Amino acid sequence: MNLRLRISQIRKSHNGDRVLDDCSFFFEQGGVYVLTGPNGSGKSTLLRICALLERPDSGEIAYFLGQERLEDNIFLRRRVTLVLPQVGIFNTSVFNNISYGLRVRGAGRSEIEQKTAEMLAFSGLTQKRGQNAPSLSSGEKQRMGIARGLVIEPEMLFLDEPTASIDETNTRLIEEMILEKKKQGITMIITTHDRAQAERLADKLLMIRDKKLVSVPA
Amino acid sequence: MNNIAGSLSQAFSLILHLDQELLSIILLSLRVSGSALVVSIAIGLPLAAFMAFGKFPLKGIFVNILNTFMGLPPVVVGLLVYLFLSRSGPFGFLALLYTPSAMIIAQTILALPIVASLTHSAIVSVDPIIRQAAKTLGATPLQISLTVIREARYGIMSGIMAAFGRVMAEVGAILIVGGNIAGYTRVMTTTIALETDKGNFELALALGLILLAISLAINVALNVFRKKGTAEA
Ligand SMILES: Nc1ncnc2c1ncn2[C@@H]1O[C@H](COP(=O)(O)OP(=O)(O)OP(=O)(O)O)[C@@H](O)[C@H]1O
Ligand SMILES: [Mg+2]
């Protein structure tokens with residue numbers, strides 16, 4: 001059963017400036033949603049609100065499993081994750097970064113080892129397993145951030161500009177990771193400024209225009 | 001000049017022969033300052049975490065008070081502890097004056113604000129993105145706080161080392177409350193102060209050299225922690 005997200009009439013201001021006004025949408029189909037919009041249009045803000053990191057000033061964020069509406073608590077938060085544009089690297093090894101989500105969930109040693117090793121391979125970072133994560137290149141950091149989010153097997157994954165300021169090779173690697181996970185049925189909501197990338201990845205294209213979330217016809 | 005050279009060579013010979021008196025003085029120094037440090041860490045870390053993560057009124061003022069206490073003059077601390085512990089003082093019945101315990105109390109009062117204040121500033125200077133990343137990955141509020149503290153670990157270690165350096169080198173407070181009793185409350189700094197006065201330069205110099213070596217080691221550790229905390233981020 002797919003986790004589905006319905007946002008209704010979301011409003012959000014930062015320091016008195018309205019950023020989002022009356023945004024409504026139902027992410028119900030699974031697949032990849034790509035969200036575009038100019039700098040400062042509120043994409044990151046919307047993602048943080050959807051990922052339950054921030055609350056809207058008004059409006060409703062509702063997650064559904066089948067017909068059942070899930071309560072906003074730690075258990076719901078653990079079903080979704082957001083990879084921040086700056087990742088937020090912990091000053092420890094790549095392995096410890098990627099396994100973090102498993103450790104906070106109290107996973108056992110062998111599960112941590114197995115799933116983390118799987119994600120290291122998936123993100124092409126097996127060789128970097130013991131390296132101190134802050135010393136990774138920016139492409140590797142971004143891949144590690146995605147692997148760190150994926151290790152907990154989220155049902156919905158938010159990626160905020162996963163390929164901003166990243167070279168072609170790493171962009172391709174990251175797009176491959178995204179498409180591979182899409183096959184496994186994870187719902188993803190991704191922001192980007194790269195139009196060609198949006199075309200390549202999107203099942204559905206969305207845009208923030210005049211503080212509102214609008215869907216762009218294919 | 002001859003005098004200095006002679007004293008120096010005798011000082012070295014004391015060190016090389018692991019003179020019993022020398023050794024016991026060094027060990028007491030380490031025990032007193034080390035105990036004060038352990039107590040300061042046990043109280044200072046939770047206090048700093050509470051000040052960093054807790055929400056309570058007048059927080060800024062408390063942080064400022066703590067920062068001010070970092071620079072307490074040791075002799076004043078010594079005097080106050082003396083007054084509290086002296087026979088006629090409120091804690092006179094404990095009979096702690098002129099014991100190593102009194103010295104530990106005085107040095108704890110000096111070290112605690114340093115540990116707490118530097119730990120606090122290490123915690124609050126962790127990039128806020130760390131907290132957000134931990135939250136997105138499903139950490140509970142407690143786990144988020146522990147993760148932030150972990151990120152601050154090198155800054156915290158620097159704070160602990162700075163406090164250790166301060167109390168190891170401190171003489172005013174422990175001299176007043178310890179009394180420099182031979183074989184009982186004599187530590188490196190008080191011995192240096194009083195033996196010099198008496199003209200016993202060999203022991204004073206030997207202790208001085210060792211104190212310098214300890215300071216050097218503390219500073220090397222400090223620099224390592226500073227580098228680890230910043231360069232890699
Ligand atoms: N924590 C904050 N405090 C104050 N203002 C904020 C905060 N976060 C965002 N804003 C403001 O909200 C507006 C939208 O920011 P947001 O980061 O959501 O835009 P964006 O669409 O992601 O932009 P970009 O494409 O540059 O990433 C901006 O004007 C920004 O300055
Ligand atoms: Mg953004």
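**Exercise 1. Describe the secondary structure of chain B.**

Step 1. Read from the N terminus, the elements of chain B run α-α-α-α-α-α-α-α-α-α-α. Helices (H or I, at least four residues) and strands (E, at least two) are DSSP runs, numbered from the N terminus.

Step 2. The count for chain B is eleven helices and zero strands.

Step 3. Along the principal axes, the C-alpha atoms of chain B fill a box of roughly 70 × 45 × 25 Å.

Basis of the values: this is a predicted model, in which local features need pLDDT of at least 70 and side-chain atom pairs count only at pLDDT 80 or more, while totals for chains, interfaces and linings use all residues. Residues are numbered from 1 along each chain as its sequence is written, chains are lettered from A and ligands numbered from 1 in the order in which they are written, and side-chain values use heavy atoms, leaving out hydrogens and water.

**Exercise 2. Characterise the packing of α3(B) against α5(B).**

Step 1. Helix α3 of chain B spans residues 59-69 and helix α5 of chain B residues 100-124; they pack at an angle of about 130°, with their axes 8 Å apart. Axes are lines fitted to C-alpha atoms, for helices over the stretch in contact, and angles run from 0 to 180 degrees between N-to-C directions.

Step 2. The angle therefore makes α3(B) oblique to α5(B). Angles under 35 degrees count as roughly parallel, over 145 as roughly antiparallel, 65 to 115 as roughly perpendicular and the rest as oblique.

Step 3. From α3(B), B:V63, B:L66, B:N67 and B:F69 meet B:P113, B:A116, B:S117 and B:H120 of α5(B), contact meaning heavy atoms within 4.5 Å.

Step 4. By class, this contact of α3(B) with α5(B) has five nonpolar, three polar and no charged residues. Ala, Val, Leu, Ile, Met, Phe, Trp, Tyr, Cys and Pro count as nonpolar, Asp, Glu, Lys and Arg as charged, and the others, Gly among them, as polar.

**Exercise 3. Identify the residues that come nearest to ligand 1.**

Step 1. Of the 14 residues around ligand 1 (a heavy atom within 4 Å), A:G40, A:K43, A:S44, A:T45 and A:H193 come nearest.

Step 2. A polar side-chain atom of A:K43 lies 2.7 Å from an oxygen atom of ligand 1.

Terms used: Polar contact = N/O pair within 3.5 Å; in protein donor to acceptor, adjacent residues only side chain to side chain.
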